[in-house]
Structure formats: structure tokens, C-alpha cells
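Dear colleague,

Here is the structure for your files. My notes follow below it.

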Amino acid sequence: MDYLKKFDLAGKRALVTGGGRGIGLEIAHALGQAGAAIVIADLDANSAAAAAAKLASRGVVASYRPIDVAKSDAVTALADELNANESIDILINNAGIARIAEALDTSDADWLATMRVNSDASFWCARAFGRHMIARRRGAIVNIGSMCGMVVTQPQNNTAYITSKGAVHMMTKSLACAWAKHNVRVNAVAPGYVATEMTAPPKNENSFQYERWLEQTPLGRLGEPHEVASAVLFLASPASSYCTGTILSVDGGYTSM
Ligand code: NAD
């Protein structure tokens with residue numbers, strides 16, 4: 001058995017939502033280094049363009065599409081267009097937002113926005129791209145969930161975000177069972193606290209909160225985006241060919257405490 005070959009994505013095409021920066025950009029780098037051509041799909045056209053250029057400078061075949069993945073019609077149109085000639089073999093549902101607020105302080109608008117981007121959009125993308133994967137009888141979908149889909153975090157108990165990520169985990173299991181017979185695998189990665197712009201405000205402005213995070217994380221530090229990207233590469237590649245419906249924790253031990 002050639003084990004390293006199992007991570008080889010040469011000839012595959014992967015779409016990464018929210019790939020303009022942070023964890024998504026690092027996932028795009030990992031999949032690109034393994035040989036996949038990358039499509040960055042991000043709301044922010046400038047960062048999407050910059051991300052594609054950065055990947056190209058590292059030798060990755062990369063393009064970008066500005067899109068709001070919370071818009072179902074736009075997602076379906078993009079999936080149909082990109083699959084018209086060539087397949088999208090790998091979908092990474094990574095785009096996400098976090099608006100930190102306790103339940104009683106959560107506005108309707110913040111609740112709906114969190115659900116729309118984190119949960120609804122992941123389903124719109126899975127449905128639109130999954131339809132083509134099913135027709136071709138091959139594909140891998142990796143959803144970016146969170147440890148917040150498993151446990152309640154402290155000191156911030158962010159009900160909207162926690163609920164949205166719980167939905168991502170159960171959607172992963174439901175689609176995995178529905179699409180296994182079509183040779184389409186659906187898995188998720190559940191990161192803990194990772195050093196990106198999403199976690200920068202607490203890290204820089206709220207030492208009480210940040211210190212709690214480190215105390216509650218057995219490895220005693222934030223994760224780095226590349227540490228999430230390695231797990232995504234595993235789940236997106238044939239190295240994980242017997243995994244479907246898996247929620248893979250990459251959280252420095254947070255959910256073991
Ligand atoms: P980030 O804020 O650094 O990047 C998010 C990216 O998603 C941005 O490029 C943004 O433009 C894009 N995006 C947001 N809304 C979009 C939309 N409607 N359509 C298209 N693109 C959109 O975030 P990150 O820290 O890299 O997080 C990436 C994923 O990992 C998210 O799903 C997040 O919930 C999850 N996650 C992050 C952490 C963490 O500690 N950073 C922990 C657990 C899970």
C-alpha cells in the first residue's frame with residue numbers, strides 16, 4: 001500500500017467557501033499542495049482574488065468566484081456552471097460568521113444571519129454541488145463545524161453560533177447516510193479556538209476571556225489554521241475512504257475536558 005498516494009488529489013477540483021482568508025485559505029493551500037485545482041468562493045471579492053493569486057504564486061491552479069453562499073439561487077447557479085464541463089470533486093463548506101452575544105442580547109437579525117451563513121448556506125452548497133457528485137457517483141464534502149456544535153463554550157455562551165454549528169454536525173450525519181450509496185462521502189471537522197481574525201478581538205481585547213480559553217484547552221494554546229487544514233485534507237482525500245458522517249475534533253483537547 002502506498003499510503004502517501006492516498007492523499008494525492010491530482011486531477012481533482014475543489015471549491016472552498018470562505019477561502020479568502022483564515023482557515024479557508026489554509027485549507028485551499030493544503031488541497032492545492034496535494035494536487036487539486038482550487039476555486040475560492042468568498043463574499044469578499046478582494047480577498048478572494050488575493051487568495052487565488054497567493055495560491056497561484058505557490059504553484060496551485062486557482063481561480064475565484066465572489067459569492068454570498070447564503071443565497072441559494074446564486075449557489076445553485078454557480079454549482080451548475082462549474083460542473084457543466086468539469087466536475088467539482090471536493091466541496092469544503094467553510095464560510096462562517098460569529099457574532100458573540102448572550103441569548104437575551106441576540107437580535108433577530110444576528111440570529112438569522114448566523115443561521116443563514118453557518119447552517120443554511122452549508123446546506124445550499126451541499127445540495128447544489130452534491131447533486132452533481134451524485135450524478136457522477138463520486139465526491140467528498142467536508143463541513144467546518146465547531147467544538148461549539150458539541151459543547152457549550154465559556155465564558156461566552158454564544159447561543160446562535162452554538163445552535164448553528166450543532167445543525168452543521170447533524171446535517172453532516174444526515175447527508176452522509178443519504179449519499180453513501182452514491183459514493184459521496186460527507187464529513188466534518190470541529191475546530192477549537194483557532195488563531196484567525198474571528199478570534200482576534202477576544203485575544204487582543206478581552207484578557208479574561210482569552211485566558212479562560214487557554215485554561216480550558218489541554219494543549220494550552222490556540223490552534224493554527226494549518227492544523228485544521230491537515231484534518232480537512234485527510235477527510236477530502238482517499239486517505240479517509242472509509243469515513244463518512246465523521247465529526248473530527250481538532251480542538252487541542254477542549255472537548256475531552
Ligand atoms: P474568518 O472570519 O477569518 O473567515 C471567514 C471567511 O468566510 C471570510 O473570508 C469571509 O469573507 C467568508 N464569508 C463570510 N460570510 C460569507 C458568505 N455569506 N458567503 C461567502 N463567504 C463568506 O473565519 P475563520 O476563523 O477562518 O473560520 C472559518 C470557519 O471555521 C468558520 O465556519 C468558523 O465558524 C469555523 N471555526 C472557526 C474557529 C476559530 O476559532 N477561528 C473555531 C471553530 C470553527
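**The ligand site**

The ligand is surrounded by 25 residues, where a residue counts if one of its heavy atoms lies within 4 Å. The closest are Arg21, Asp42, Asn94, Tyr161 and Thr196. Before going on, note that this is a predicted model: local features need pLDDT of at least 70, side-chain atom pairs count only at pLDDT 80 or more, and totals for chains, interfaces and linings use all residues. Residues are numbered from 1 along each chain as its sequence is written, and side-chain values use heavy atoms, with hydrogens and water left out.

A backbone N or O atom of Ile23 lies 2.9 Å from a ligand oxygen atom. In the side chain of Asp68, an N or O atom is 2.8 Å from a ligand nitrogen atom. A polar backbone atom of Val69 is 3.1 Å from a nitrogen atom of the ligand. Taken alone, the ligand exposes 830 Å², and the protein buries 94% of that; areas come from the Shrake-Rupley method with a 1.4 Å probe.

**The sheet**

Seven strands form an open, parallel sheet in the order E3-E2-E1-E4-E5-E6-E7. Strands are DSSP runs of E with at least two residues, helices runs of H or I with at least four, numbered from the N terminus. Two strands pair if DSSP finds at least two bridges between them. Neighbouring strands are turned by 20 degrees on average, direction ignored.

E6 (184-191) runs parallel to E7, joined by four bridges. One partner pair is Pro191 with Val250 in E7.

Helix H1 (22-33) lies across E1, E2, E4 and E5, at about 170 degrees to E1. Contact here means heavy atoms within 4.5 Å. Axes are lines fitted to C-alpha atoms, for helices over the stretch in contact, with angles from 0 to 180 degrees between N-to-C directions.

**Rings and backbone**

There are four aromatic pairs (Phe, Tyr or six-membered Trp rings with centres within 6.5 Å; planes under 30 degrees apart are stacked, over 60 edge-to-face, the rest tilted). Tyr193 and Tyr254 have ring centres 5.7 Å apart and planes at 85 degrees, so the pair is edge-to-face. Tyr193 lies in the loop between E6 and H6 (200-205) and Tyr254 in the segment after E7, so the pair ties together parts 61 residues apart in sequence.

Most residues other than glycine have a negative phi, and most peptide bonds are trans. Arg137, not a glycine, has a positive phi of about 60 degrees. The Gln154 to Pro155 peptide bond is cis, with omega near 5 degrees.

Best regards

Terms used: A polar contact is a pair of N or O atoms within 3.5 Å; within protein, one must be able to donate a hydrogen and the other to accept it, and residues adjacent in sequence count only if both atoms are side-chain atoms.
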